[in-house]
Amino acid sequence: MTTTLKSKLQDDLNAAIKERDELRSSTLRLTLTAITKEEVAGKEKRELSDDEVLKVITREAKKRREAAEAFAQGGRAEQAEREKAEGELLAEYLPKQLSDEELNAIVAQAVEEAKAAGAEGPRAMGAVMKIVNPKVAGQAEGGRVAAAVKKLLQG
């Protein structure tokens with residue numbers, strides 16, 4: 001039986017507790033709590049798939065990045081560093097993020113496809129996003145993808 005992502009998080013949490021790694025243990029504990037919350041959110045308790053667990057981790061990592069930016073803007077460097085460190089720790093569990101070059105190549109191809117299918121003007125944005133999103137799922141954040149699409153459509 002393959003270990004699920006959730007049990008890997010659990011094992012890593014136990015290891016972090018033994019090693020007295022406060023940052024890692026608190027980050028993983030919060031993430032596992034978020035996963036559990038998701039599991040009991042519906043009508044009946046269920047086990048999340050690895051894909052769903054990835055979505056939770058992605059959401060948690062995004063929260064940390066946004067919090068880090070907010071703290072940094074508010075002049076609270078220490079909290080910003082902490083949030084950033086937690087976000088980077090969570091990123092280790094996510095699929096490797098696409099580089100700007102890789103993302104732009106995928107977007108450029110999608111723009112060609114959408115134009116070939118007759119998508120023009122503002123409507124092209126939605127058409128391109130529909131093509132790009134499944135190709136980059138989990139490997140690039142929505143805002144980043146949208147920005148790349150906008151830039152290439154204006155080009």
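Buried here means under 20% relative accessible area, exposed means over 50%, and partly exposed is in between (1.4 Å probe, protein chains only). This is a predicted model, where local features need pLDDT of at least 70, side-chain atom pairs count only at pLDDT 80 or more, and totals for chains, interfaces and linings use all residues. Residues are numbered from 1 along each chain as its sequence is written, and side-chain values use heavy atoms, with hydrogens and water left out.

Start by selecting Ile57, found in helix H3 (helices are DSSP runs of H or I, at least four residues, numbered from the N terminus). Ile57 is buried, at a relative accessible area of 0%. Leaving aside neighbours within four places in sequence, Ile57 is in contact (heavy atoms within 4.5 Å) with Leu5, Leu9, Thr31, Leu90, Tyr93 and Leu94.

Now pick Ile35: its C-alpha atom sits 8.3 Å from that of Ile57, 22 residues away along the chain. Ile35 is one of the buried residues of H2, which also include Leu28, Thr31 and Leu32.

Last stop: select H5 (residues 100-116) and H6 (residues 121-136), whose axes come within 9 Å and cross at roughly 140 degrees. Axes are lines fitted to C-alpha atoms over the stretch in contact, with angles running from 0 to 180 degrees between N-to-C directions. The contact includes Leu103 and Ile106 of H5 and Ile131 and Val132 of H6. Its residues divide into 11 nonpolar, one polar and two charged (Ala, Val, Leu, Ile, Met, Phe, Trp, Tyr, Cys and Pro count as nonpolar, Asp, Glu, Lys and Arg as charged, the others, Gly among them, as polar).

Conventions:
Helices (H or I, at least four residues) and strands (E, at least two) are DSSP runs, numbered from the N terminus.
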